[in-house]
Every structure is written in C-alpha cells, then in structure tokens.
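Please look over the sequence and the structure shown here before reading on.

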Amino acid sequence: MFLVTGATGGIGRRVVRLLRERAMPVRAFVRLTSRYGELEHRGADIFIGDLQQENDIHKACQNVQYVISTHGSDGNPLALDYRANIELIDQAKANGVQHFVFISVLGADRGYEDAPVFKAKRAVERYLESSGLNYTILRPAGLASNLLPLAERFRETGVYLLIGDPKNRTSIVSTDDLAKMVVDSVTIPAARNQILPVGGPEVLSREDIPRILGRIFNKEPVIINPPMFVIDGLRNVLGFMNPQAQKNLGTFRTLLANEFFCTKEEIANLEAIFDLKLEPLENFLRRYLAV
C-alpha cells in the first residue's frame, strides 16, 4: 500500500493516477474540502484527515509500505512542510515502511534564510537522511503544471506578468515526468538514498516563457516586468498587518530573485536513472492547453 499526501495537488494527483494505472493499492490523504472524486473513481482508498493532527497521520500510516510526501505548505510551512513531514517520517519508521519519497525544492541547501519553505524542506531532508529509512528526495526546479493558470490568462489577454530579472534561468519539469520519477523511485536501485535535482531538458530564461506562450497561441506577448522592489514594498506593508504573510512572501521573493535550473549533466543523470526522455515545457503546455 502506498500513502500519498497532497493527493489532490498537481504532483500528488498525477502520482495517484499513475499508481492506479499500474494497479497498485493507494491511500490518498486528502482534506474534507478538497476535490477527491476523481481519485475515488480511480479506486484509491480515500483517507480524509488533517496533516496538522498527529492522530490522523498515525492512522493514515497503518499497513503502509511506501510513503510519498507531495503536500505543500498552504501558507503554513512550519506546520505542514516541517512538522507534518517529521511526523510522517517517524510513523514510517515505526511501521517498517520500505521507502519514503519526499518532494523538496531545488535550492533547499543554499541557506536562504528569508524563505521559510526552503528552510523547512532542508530540515526535513536532513531528518529523513538520518532516519534509517530508504528514501529518495527529489528537488524540482519548477513545475510545468503551475504555469497552466498563467497560460489560460495569457490566452485571454496576451499579457504576462514577469516580476524581477527576465534573464534569470530556470528548468521547468513536466509534472507528468516528475510523477513517473516519484513512482519509479521506490523500485529503481540507483534512486535509493539519493537527493536528485529535477528539471526539464532545457535551461530557459524566464522571459522565454511568454515567448513560448506567444508561439502556442499565435500572439505577440505583452510582458509587464515590475522590479523586485515592488515585492519588497508589499512585504513591508504586510509586516504591520500580517507577519505570517510577510514571512511567506520571503519564499516567493526568493523564487523570483534567484536562478533555479539543472545542469546538462544533472538532466542526463535523471534520464539515465529513470530511463525516460524528459518532456520540453512547450510540449507539456500544448498537451494540456489542447493547442
């Protein structure tokens, strides 16, 4: 039995689909308010719970051989990115889980002090490494599925909002490719007890993304490129009203202000380990946008 947290998210939903296509038993950890009908229809065992409640994690981990943690912080990195994952690791160890797959983030080891999600992810990585469990830690540079809402807005308006340096590089991975790596991690020896940077096959500048959308929709992109001090100003204002939101914007600012891409050698290593040809971003977007 596989336990998948964040099962209705961009990564988790695809992981559950793939496991069920392979006729593997899956327990999908979901919130009561989430849309889990598709997962139920596919034959997943639906566990409705709250990752901030230890008892729910204890129950979800019963009779599980594999744990796949794909959930995000939902605005609370300390409770969800950190504490929930620590408890999942403890319960996995107590229940003799055979393999734990953790979705981290590229750059988690760079020491970004102003980014709560990065700090939480790195702390969990260290804890998992020292747990004695077999593990695979995947650090995606960026998810192609996260661009789909932006692409739909671009389809309607032709406008693309690009905050910060348009020359910053990224290597966005097909979320379907990432899901395949997640699932295959538990059976491929070369992925065992490894931390793997994950990106797409191309190193793109951030300004390449609206150009790709322009080709897809046959529109000349209108790029709005406000400087980083706009985010800094917003953070300062939020500091007086909502300190937690101010902290969360630190992660957002870190993502905007820095480069997150994989080298050609890292991509070749991924393709060799998982025996796949990584999908370019434009192909992914065309498939999902039906263009």
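## A residue in helix H4

Is Ile89 buried or exposed? Ile89 is buried, because its relative accessible area is 1%, where buried means under 20% relative accessible area, exposed means over 50% and partly exposed lies in between, with a 1.4 Å probe and protein chains only. This is a predicted model, in which local features need pLDDT of at least 70 and side-chain atom pairs count only at pLDDT 80 or more, while totals for chains, interfaces and linings use all residues. Residues are numbered from 1 along each chain as its sequence is written, and side-chain values use heavy atoms, with hydrogens and water left out.

Ile89 lies in helix H4; helices (H or I, at least four residues) and strands (E, at least two) are DSSP runs, numbered from the N terminus. Not counting residues up to four places away in sequence, Ile89 touches Phe100, Val124, Tyr127, Leu128, Ser131 and Leu133, a contact being heavy atoms within 4.5 Å. Ile89 and Phe102 are 13 residues apart in sequence, and their C-alpha atoms are 9.8 Å apart in space.

## Helices H4 and H5

The axes of helix H4 (residues 77–94) and helix H5 (residues 116–129) come within 9 Å and cross at roughly 10°; axes are lines fitted to C-alpha atoms, for helices over the stretch in contact, and angles run from 0 to 180 degrees between N-to-C directions. H4 and H5 are therefore roughly parallel to each other, a description used for angles under 35 degrees, whereas those over 145 count as roughly antiparallel, 65 to 115 as roughly perpendicular and the rest as oblique. On the H4 side the contact is made by Pro77, Asp81, Tyr82, Asn85, Ile86, Ile89 and Asp90, and on the H5 side by Pro116, Val117, Ala120, Lys121, Ala123, Val124, Tyr127 and Leu128. By class, this contact has eleven nonpolar, one polar and three charged residues, where Ala, Val, Leu, Ile, Met, Phe, Trp, Tyr, Cys and Pro count as nonpolar, Asp, Glu, Lys and Arg as charged, and the others, Gly among them, as polar.

H5 has 14 residues and reaches 20 Å from its first C-alpha to its last, close to the 20 Å expected at 1.5 Å a residue, the expected span being 1.5 Å times one less than the number of residues. Among the buried residues of H5 are Val117, Phe118, Lys121 and Glu125.

## Two residues with positive phi

Most residues other than glycine have a negative phi. Ala23, which is not a glycine, has a positive phi near 60°; Ala23 is found in the loop between helix H1 (10–21) and strand E2 (26–30), and counts as exposed at 59% relative accessibility. Asn193 has a positive phi of about 55° and is found in the loop between helix H7 (175–184) and strand E9 (194–198), where Asn193 is partly exposed, with a relative accessible area of 33%.

## Other sites

Glu282 is found in helix H12 (residues 281–289) and counts as buried at 17% relative accessibility. Leaving aside neighbours within four places in sequence, Glu282 is in contact with Ile212, Arg215 and Ile216.

Ile223, in strand E11 (residues 222–224), is partly exposed, with a relative accessible area of 37%. Apart from neighbours within four places in sequence, Ile223 is in contact with Tyr160, Leu162 and Pro210.
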